[in-house]
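I opened a notebook page for this protein and listed what to look up. The entries below follow the order in which I looked.

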Amino acid sequence: MGPIIKTADKNKRATIVIVITCIICWIITFFSIKILTEYSLGLFIYLPIIMGITSTILYAHKYQITKRECFNVTLIAFGVFCFGLLLFAFEGIICILMAAPIGLAGIWFGNEIGYAIVKSKRIGNPPTIMIILILSVPALMAFESTLKDKEEIRPVITSIEINASPEIVWKNVVEFPKLDEPTEIVFKTGIAYPISAEINGKGVGAIRNCNFSTGSFVEPITVWDEPNLLKFDVKDQPEPMKELSFYDIHPNHLHGYFVSKQGQFKLTALPNGHTLLEGTTWYVNKIKPNFYWNIWSDYLIHKIHTRVLEHIKRNAEKNSSPAITNH
């Protein structure tokens with residue numbers, strides 16, 4: 001057991017630990033997102049774990065400090081680190097908030113490991129282990145940057161029942177007028193949302209433009225099966241969001257990390273005279289870990305689909321004949 005540290009000295013030590021930890025992690029983050037342009041396991045999982053280990057070893061080495069006290073310092077360091085990402089224009093508020101849950105899990109796990117290292121009598125020099133672990137982070141990031149993973153194309157399907165015939169729904173699918181301003185909180189944070197759709201031409205080869213708050217999706221039609229199926233590729237797309245920040249920033253992950261590949265609207269006539277409208281988007285999400293970030297991307301695509309499908313439903317039912325409407 002090490003000596004008991006006075007409260008004043010403990011606070012001073014905590015401040016030094018937080019500053020050192022954050023500087024190390026800011027440098028590593030800069031290396032990952034600005035030099036390697038990688039958003040992978042090394043950044044979102046390994047770095048938070050090392051942050052927890054580093055801050056805990058620095059704070060508790062040779063002193064009687066509880067695990068809870070160590071975690072409190074780690075938590076403050078994580079908060080300062082995240083604020084620094086915003087202050088130094090590395091990232092915006094929304095992406096930091098999205099990454100926070102997995103980051104918090106990482107620093108907790110790192111705190112557990114760091115405290116075990118400090119208290120273990122079998123480990124001779126915890127600071128040396130800490131330095132080796134810190135150096136392993138950029139090494140892992142550099143290794144990840146050399147890997148070429150196969151793209152996983154994910155489908156997201158959202159459906160809605162509309163009190164109108166497929167013929168009427170079709171007219172509102174191909175192009176639709178401007179939507180009302182969004183009321184959903186998620187679209188007020190900077191996430192791109194659909195505004196309107198227009199089409200140049202008819203049939204396969206026609207170009208559909210789906211206009212979003214950040215720009216337009218350019219969608220060449222590949223299947224025109226009126227009034228059953230409209231399918232299209234995505235030739236060009238805008239940024240998936242506008243970051244909330246002190247500055248006008250455009251992080252690398254807004255370009256080429258979330259890629260929409262194809263989309264379609266499928267219309268199915270129902271026995272009750274209604275139409276089942278299904279909207280599908282096929283996309284690639286290159287930010288890792290996939291198991292975590294796909295939760296966010298699937299959710300946001302569903303919200304976008306829902307906004308469009310409900311707009312189509314309102315317009316189609318408004319334009320539907322009285323015989324169908326009163327069915």
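This is a predicted model: local features need pLDDT of at least 70, side-chain atom pairs count only at pLDDT 80 or more; totals for chains, interfaces and linings use all residues.

Residues are numbered from 1 along each chain as its sequence is written, and side-chain values use heavy atoms, with hydrogens and water left out.

**Entry 1: the whole chain**

I counted eight helices and seven strands in the protein chain. Its radius of gyration is 26 Å, well over the 20 Å that the globule rule gives for 327 residues, so the chain is more spread out than a compact globule. For that value I used C-alpha atoms, and the rule is 2.2 Å times the number of residues to the power 0.38. Along the principal axes, the C-alpha atoms fill a box of roughly 85 × 40 × 35 Å.

I then looked up burial, where buried means under 20% relative accessible area, exposed over 50%, and partly exposed in between (1.4 Å probe, protein chains only). Of the 327 residues, 49% count as buried.

How many residues of strand β7 are buried? I found nine of the 11 in residues 275-285, so β7 is largely enclosed by the rest of the structure.

For pairing I used this rule: two strands pair if DSSP finds at least two bridges between them. Strand β1 (residues 153-162) pairs with β7 in the antiparallel sense over 10 bridges. Within that pairing I noted V156, whose bridge partner in β7 is T281. Strand β6 (residues 258-269) also runs antiparallel to β7, and 11 bridges join them. S260 stands opposite Y283 in β7. The hairpin of β6 and β7 has five residues between the strands, and there G273 takes a positive phi near 90°.

Helix α6 (residues 166-174) is mostly covered, with seven of its nine residues buried. Among them are W170 and N172.

H311 sits in helix α7 (residues 290-319). I count H311 as buried because its relative accessibility is 6%. S196 belongs to strand β2 (residues 194-200) and is buried too, at 14% relative accessibility.

What does H311 touch, leaving out residues up to four places away in sequence? Taking contact as heavy atoms within 4.5 Å, I found F176, P177, K178 and L179. With the sequence neighbours left out in that way, S196 touches F176, P177, K178, L179, N209, C210 and N211.

**Entry 2: cis bonds and positive phi**

A cis peptide bond joins E226 and P227, with omega about 0°. P227 is in the loop between β4 (215-225) and β5 (229-233). The bond from K288 to P289 is also cis, with omega near 5°, and P289 lies in the loop between β7 and α7.

T37 is not a glycine, yet I read a positive phi of about 50° for it. T37 is in the loop between α1 (7-35) and α2 (41-60), and at 29% relative accessibility T37 counts as partly exposed. K62, not a glycine either, has a positive phi of about 75°. K62 lies in the loop between α2 and α3 (67-87). Is K62 buried or exposed? Its relative accessible area is 60%, so I wrote K62 down as exposed.

How values were computed: Helices (H or I, at least four residues) and strands (E, at least two) are DSSP runs, numbered from the N terminus.
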